[in-house]
Amino acid sequence: MTTYGYVWVSSADQCEDRQMIAMQELNIPPTQIYIDKISGKDLSKVR
């Protein structure tokens with residue numbers, strides 16, 4: 001079974017380091033981790 005990770009921060013100035021450390025502790029390869037740095041506050045900024 002393949003396991004994937006999902007890391008999310010709500011603004012570009014936030015850091016995802018703690019979540020990435022948790023993913024490493026779960027032995028999830030970096031190539032299988034998806035990272036989102038986006039806020040739902042202002043959807044007009046979404047590309």
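## Aromatic pair, salt bridge and surface patch

The count of aromatic pairs in this predicted model comes to one. The pair is formed by Tyr4 and Tyr34, whose ring centres lie 6.0 Å apart. Their planes stand at 40 degrees; planes under 30 degrees apart would count as stacked and those over 60 as edge-to-face, so this pair is tilted. Tyr4 sits in the segment before E1 and Tyr34 in strand E2, which places the partners 30 residues apart and makes the pair a link between distant parts of the chain.

Tyr4 and Tyr34 also belong to a nonpolar patch on the surface, together with Tyr6, Trp8 and Ile38. The accessible area of these residues together is about 590 Å². Ile38 is found in the segment after strand E2 (33–37). With a relative accessible area of 38%, Ile38 is partly exposed, because buried requires under 20% and exposed over 50%.

In sequence Ile28 and Tyr4 are 24 residues apart, while their C-alpha atoms are 6.6 Å apart in space. Leaving aside residues up to four places away in sequence, Ile28 touches Thr3, Tyr4, Gly5, Met23 and Ile33. Ile28 is buried, since its relative accessibility is 8%.

Which residues form the salt bridge? A search of the whole structure finds one, and the side chains that meet in it are those of Glu16 and Lys37, at 3.1 Å from N to O. This pair, too, links distant parts of the chain: Glu16 lies in the loop between strand E1 (5–9) and helix H1 (17–25), whereas Lys37 is in strand E2, 21 residues apart.

| Residue | Relative accessible area | Class |
|---|---|---|
| Ile28 | 8% | buried |
| Ile38 | 38% | partly exposed |

As to confidence, the protein chain averages a pLDDT of 85, and 81% of the residues score at least 70. Among the elements of the chain, H1 has the highest mean pLDDT (95) and E2 the lowest (91). Where pLDDT is low, the predicted coordinates should not be read in detail.

Conventions:
Residues are numbered from 1 along each chain as its sequence is written. This is a predicted model: local features need pLDDT of at least 70, side-chain atom pairs count only at pLDDT 80 or more; totals for chains, interfaces and linings use all residues. Side-chain values use heavy atoms; hydrogens and water are left out. Patches are made of residues with over 30% relative accessible area and no salt bridge: like charges are joined within 9 Å, nonpolar side chains (Val, Leu, Ile, Met, Phe, Trp, Tyr) within 5 Å. Accessible areas come from the Shrake-Rupley method with a 1.4 Å probe; for residues, only the protein chains shown count as cover. A salt bridge is a side-chain nitrogen of Lys or Arg within 4 Å of a carboxyl oxygen of Asp or Glu. Helices (H or I, at least four residues) and strands (E, at least two) are DSSP runs, numbered from the N terminus. Buried means under 20% relative accessible area, exposed over 50%, partly exposed in between (1.4 Å probe, protein chains only). pLDDT is the predictor's confidence in each residue, from 0 to 100. Rings of Phe, Tyr and Trp (its six-membered ring) pair if their centres lie within 6.5 Å; planes under 30 degrees apart count as stacked, over 60 as edge-to-face and the rest as tilted. Contact means heavy atoms within 4.5 Å.
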